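User: I am new to this structure and would like to know what stands behind the terms used for it. Please show it first.

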Amino acid sequence: MQVDERTIFELEYPGEYLSRLGTTETKTCKIRLSRKGQGLLARMYASRGYKMQATLTHDFDLSSLVVQIDGQPAGTISVRVDDGDLAAAEQFPEFIGELRARGARICEIGKLAMDPGVRSKQVLGAIFHIAFIVAFRARRATDIVIEVNPRHAPFYMRMLRFDPVGSARLCQRVGAPAVLLHMDGNKGRRLIDQFGGRPGLSAQERSFYPYFFHPDDEEGLLRRLSAGN
């Protein structure tokens, strides 16, 4: 029996504003596996002037994660396994074709929208690590690709160590330019093993990886992701 929505991880973290008593407010973040994230995504895209074409996909092809801050939706991200019809293949068929030709198992991170008020590295590290666990562990991907607006590409390259692929092209689905970024599974594994769960290394490694979970925590998170499917 499939579950429409369940909490994978919950954390409390200090907010950015002081309460009336002069103390830092505490916020609660929940990261939930959800099959109902499309409405939130459409609203967030529309607020930024993008359009989003509705797509139909099988549940086993797509995993959607929703971020809630103090009970309110604050972001969403999806991980889709390659079923022969990846969105990235529309704009970047050459690179996707090369990956497929060498037998790569591809997962595409997409349909990403995050409230700009979510600035906690703990929260962002957690959501991206869970997305990586979905891709590399649950879906057994060898490679991850993601299409982003060119002005956002430096963020992903700096904070998640994605590698750029080619130049920008027009993405018809959202009516805006996009660049393709790539993450090799071996590179992702090395970065997680080296820095995951070690926030004290953030001065040395200025990315989200020190704010990822410790590698020893992945098995428990994987069990939560798999429960109820």
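Predicted model: local features only at pLDDT ≥ 70, side-chain atom pairs only at ≥ 80, totals over all residues.

User: Why is phenylalanine 208 called buried, and what is phenylalanine 155 called?

Analyst: Buried means under 20% relative accessible area, exposed over 50%, and partly exposed in between (1.4 Å probe, protein chains only). Phenylalanine 208 has 2%, so it is buried. Phenylalanine 155 has 28%, so it counts as partly exposed. Of the 229 residues of the protein, 48% count as buried.

User: What makes a set of residues a nonpolar core?

Analyst: The members are buried Ala, Val, Leu, Ile, Met, Phe, Trp, Tyr and Cys residues joined through side-chain atoms within 4.5 Å. The largest such core here has 52 residues; Ile127, Phe132, Tyr156, Phe162 and Tyr209 have the most contacts inside it. Its largest share, 12 residues, comes from helix H4 (residues 121-138). Helices (H or I, at least four residues) and strands (E, at least two) are DSSP runs, numbered from the N terminus. Apart from this core lies another, of 12 residues, including Phe92 and Leu99.

User: How do you know that phenylalanine 128 and tyrosine 156 form an edge-to-face pair?

Analyst: Rings of Phe, Tyr and Trp (its six-membered ring) pair if their centres lie within 6.5 Å; planes under 30 degrees apart count as stacked, over 60 as edge-to-face and the rest as tilted. By this rule there are nine aromatic pairs. For phenylalanine 128 and tyrosine 156 the values are 6.3 Å centre to centre and 85 degrees between the planes, which is edge-to-face. Phenylalanine 128 lies in helix H4 and tyrosine 156 in helix H5 (residues 153-159), so the pair ties together parts 28 residues apart in sequence.

User: Why is the pair of phenylalanine 155 and phenylalanine 208 called edge-to-face?

Analyst: Their ring centres are 5.7 Å apart and their planes lie at 65 degrees, so the pair is edge-to-face. Phenylalanine 155 lies in helix H5 and phenylalanine 208 in the loop between helix H6 (185-195) and helix H7 (218-226), so parts 53 residues apart in sequence are tied together.

Notes
Residues numbered from 1 in each chain as written. Heavy atoms only, no water.
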